[in-house]
Amino acid sequence: MRFLFFSSVLILFFIFSHQTTKADDDEEEFVHFLNAASSTSSNNITSSIRARKLGTGDCNIFSGKWVYDASYPLYDFSSCPFIDSEFNCLKYNRPDKLYLKYRWQPFSCNLPSFNGQVFLEKWRGKKIMFVGDSLSLNMWESLGCMIHSWVPKSRYSFIRKDGLSEIVFLDYDVRLLLYRTPYLVDMVRENVGTVLKLDSIRSGDAWRGMDLLIFNSWHWWTHTGSSQPWDYIQDGYNIQKDMNRLIAYYKGMTTWARWVNRNVDPTKTKVIFQGISPTHYEGRDWNEPSKSCAGQTQPYFGARYPAGTPVAKIIMNKVLSRIKKPVYLLDITTLSQYRKDAHPTYYSEHNGLDCSHWCLPGLPDTWNQLLYAALFG
């Protein structure tokens, strides 16, 4: 599979080389980076990240395996008031329950047990904001459910809006906010139409004053045609109908990195990047080319995931390696790749097949256990 990974990066290199005859310095640097990746293992690229440990010591909590645990799930879906209908698989009568029973076990340590009351006490009076797309929504709702299960009689408020939503645990004055912005960079309505601006983050003013920021962006960068919410893409003074999406992602995330460097005070605000969440529409990713996530009831148990490291993760690792301020990478990609069984599939309010999001209870609960370990471990 390493050969296939290298080959895919080389193919991207030649595509980018022919599409960027007038590339600026950032694009040329990006192309050189992808070319270099073809002669370097993905493990080495990942290990070069300067993602600072918040509290996990020397243990790599992202390297491990999925094990059956009869005590799971961590909460009852029917008692959590925060689960969106697109993630509520049991409400929509998913017949199998085995996907609820898997616990992430790191190879070299044990994860600390999640304690929602301890979480609230340690973050009393604090503000935590998730910033990103529907995968941020997935993780935000999961954290709300996990905390609520520990203090079911505690007062709370729950406000859902298109732009900014919040869960407040009133007895502890802990605010969990969600700022929906799929690209992190700005999308602006102008005379020519809706423009995605790769070098602008004016909306970042809403992120200030937080005690913890948890960012995420990737899935919407691949949307094209009618599912793409913008008409034009702007890079500097250049406005065009489209550009290579991986280059656009690199540019957009580089703008986000500059925003972090210029606007975050590490003595007041911790910053986490949520990591790239994989999809499971293509069974060839786990050596079952005729299948998708539909009907999957168990994780992939092989030693290495056949599809290898997503190029988006390599790009994001490059961006993170250049940030001067402390940013912790919640490296959920590989452990999530194994969970081909954990998607809503057809068991949600949506009619189509969903191999992008995750059932609740489910995989995002593990993301929040890892977050807990990073903060308190």
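What is the volume of the second largest cavity? The answer is about 40 Å³, where a volume means the space filled by probe spheres set on grid points that are joined across faces, edges and corners. A cavity here is a set of points, on a 1 Å grid over the protein atoms alone, where a 1.4 Å probe fits but cannot get out.

Before we go on, a word on the model: it is predicted, so local features need pLDDT of at least 70 and side-chain atom pairs count only at pLDDT 80 or more, while totals for chains, interfaces and linings use all residues. Residues are numbered from 1 along each chain as its sequence is written, and side-chain values use heavy atoms, with hydrogens and water left out.

Back to that second largest cavity. Its lining residues (those with an atom within 4 Å of a point) are G275, I276, K313, M316, N317, L329, D331 and T333. Helix α7 (residues 311-321) gives the largest share, 3 residues; helices are DSSP runs of H or I with at least four residues, strands are runs of E with at least two, and both are numbered from the N terminus.

The whole structure has 2 cavities of 30 Å³ or more. Of its 13 lining residues, Y72, L100, Y102, G362 and D365 are the closest to the centre. Helix α9 (residues 363-376) supplies the largest share of this lining, with 4 residues.

Now follow α9 to a helix it touches. Its axis and that of α5 (residues 134-150) come within 8 Å and cross at roughly 75°; axes are lines fitted to C-alpha atoms, for helices over the stretch in contact, and angles run from 0 to 180 degrees between N-to-C directions. The two helices are therefore roughly perpendicular, a term for angles of 65 to 115 degrees. At the contact (heavy atoms within 4.5 Å), L135, N138, M139, S142, L143 and M146 of α5 meet P364, D365, W367, N368, Q369 and L371 of α9.

Let us finish with a sheet. Four strands form an open sheet in the order β7-β8-β10-β11, with mixed pairing; two strands pair if DSSP finds at least two bridges between them. β7 (187-190) and β11 (238-240) are the edge strands, each with a single partner, so one side of each has no neighbour in the sheet. From one strand to the next, the twist averages 30°. β7 runs antiparallel to β8 (residues 193-197), joined by 4 bridges, and E190 stands opposite G193 in β8.

Definitions and conventions
On a 1 Å grid over the protein atoms alone, a cavity is a set of points where a 1.4 Å probe fits but cannot get out, and a pocket is an open set with protein on both sides within 12 Å along at least five of seven lines; lining residues have an atom within 4 Å of a point. Angles under 35 degrees count as roughly parallel, over 145 as roughly antiparallel, 65 to 115 as roughly perpendicular and the rest as oblique.
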